[in-house]
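This report looks at pockets. Have the sequence and the model open as you read.

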Amino acid sequence: MKYFDAHTHVNFVAYDEDREATILRSHGAETGMNVVGTQYDTSKSAVDLAEKYDHVYATIGLHPIHTSKSYHDEKELGDGGKEFTSRGEVFDTKAYEELGQSKKVIAVGECGLDYYRLDEQTKGVQEEAFIQQIELANTLNKPLMLHIRPGRTGNAYDDALKILKAHAKVRGDVHFFAGDWNIAKEFLDEGFTLSFTGVITFTRDYDEVVRNAPLDMLLSETDAPYVTPAPYRGKRNEPAYVEMVVRQISEIRNESFEKVQRQLLDNAVRVFGIAI
Ligand SMILES: [Zn+2]
């Protein structure tokens, strides 16, 4: 294995037609992957995939937008999920703890705070589900896969840090990091890695953070099916494309591709406790 896609969603409906082929292509591209759940059903399917393929691992949890009536994404749940997104899910610790018994489960999430689409009233619900998942991660002694998205109101990163400092006994990764260097430093100081997607191949917004962070605190991810990296823009994203993210990190940092490739793989092995 040469690459690890630390956050991907081949469990989503977007891959119903060619899921196995996509997973095998990533194997051909020497790319392991962490398939991330966003609610109970997608967490369960992530575990099923991880049990089936050696180079696939799973993360189980409830995405903050799914803690209450939420935006419906066709790529995630297809037509069938409309009933679910109109009511949301209450985090059932026991059910997730059972899923977490699989040796292929490497993290809890994606969990955290999303202030982008939600209103003030749902903040409390998000916070409650977040704390429950931190506690589950503490119990299972597994790292957190954090989804923190800023919005028009409040400061999602500050609020998340406060909650983590009060509750988390484990560390983890800040997925799709979208803050500035000051925010990055706070998470790095707390021992959290930052992961970047194909977004860094088509915007310069995160170059400062990618350049300044210690190389052993970065992870590569695709967040597929979303944010396809250049030169594949316009196509559906997939784990095999994580190589382009690794390449871009090496270019932004002006470090050799081999060095960055090896270190990012080592980081994934360390953070998720995997053997590849
Ligand atoms: Zn995700």
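How many nonpolar, polar and charged residues are in the lining of the largest pocket? The lining has 12 nonpolar residues, 6 polar ones and 7 charged ones. Keep in mind that this is a predicted model.

**The largest pocket**

The volume of the largest pocket is about 560 Å³. Its lining is made up of 25 residues. Nearest the centre of this pocket lie R117, H147, R149, F176 and D223. Two elements each give two or more residues to the lining: β4 (105-114) and β5 (144-149). Of the elements, β5 gives the most, with 3 residues.

**The second largest pocket**

The second largest pocket holds about 160 Å³ of space. It is lined by 13 residues. Closest to the centre of this pocket are Q39, D41, T42, L77 and G81. Here the elements that give two or more residues to the lining are α2 (40-52) and α3 (74-77). The largest share comes from α2, with 4 residues. By class, the lining of this second pocket divides into 4 nonpolar, 6 polar and 3 charged residues.

| Pocket | Volume | Lining by class |
|---|---|---|
| Largest pocket | about 560 Å³ | 12 nonpolar, 6 polar and 7 charged residues |
| Second largest pocket | about 160 Å³ | 4 nonpolar, 6 polar and 3 charged residues |

Definitions and conventions. Residues are numbered from 1 along each chain as its sequence is written. This is a predicted model: local features need pLDDT of at least 70, side-chain atom pairs count only at pLDDT 80 or more; totals for chains, interfaces and linings use all residues. Side-chain values use heavy atoms; hydrogens and water are left out. On a 1 Å grid over the protein atoms alone, a cavity is a set of points where a 1.4 Å probe fits but cannot get out, and a pocket is an open set with protein on both sides within 12 Å along at least five of seven lines; lining residues have an atom within 4 Å of a point. Grid points are joined across faces, edges and corners, and a volume is the space filled by probe spheres set on the points. Ala, Val, Leu, Ile, Met, Phe, Trp, Tyr, Cys and Pro count as nonpolar, Asp, Glu, Lys and Arg as charged, and the others, Gly among them, as polar.
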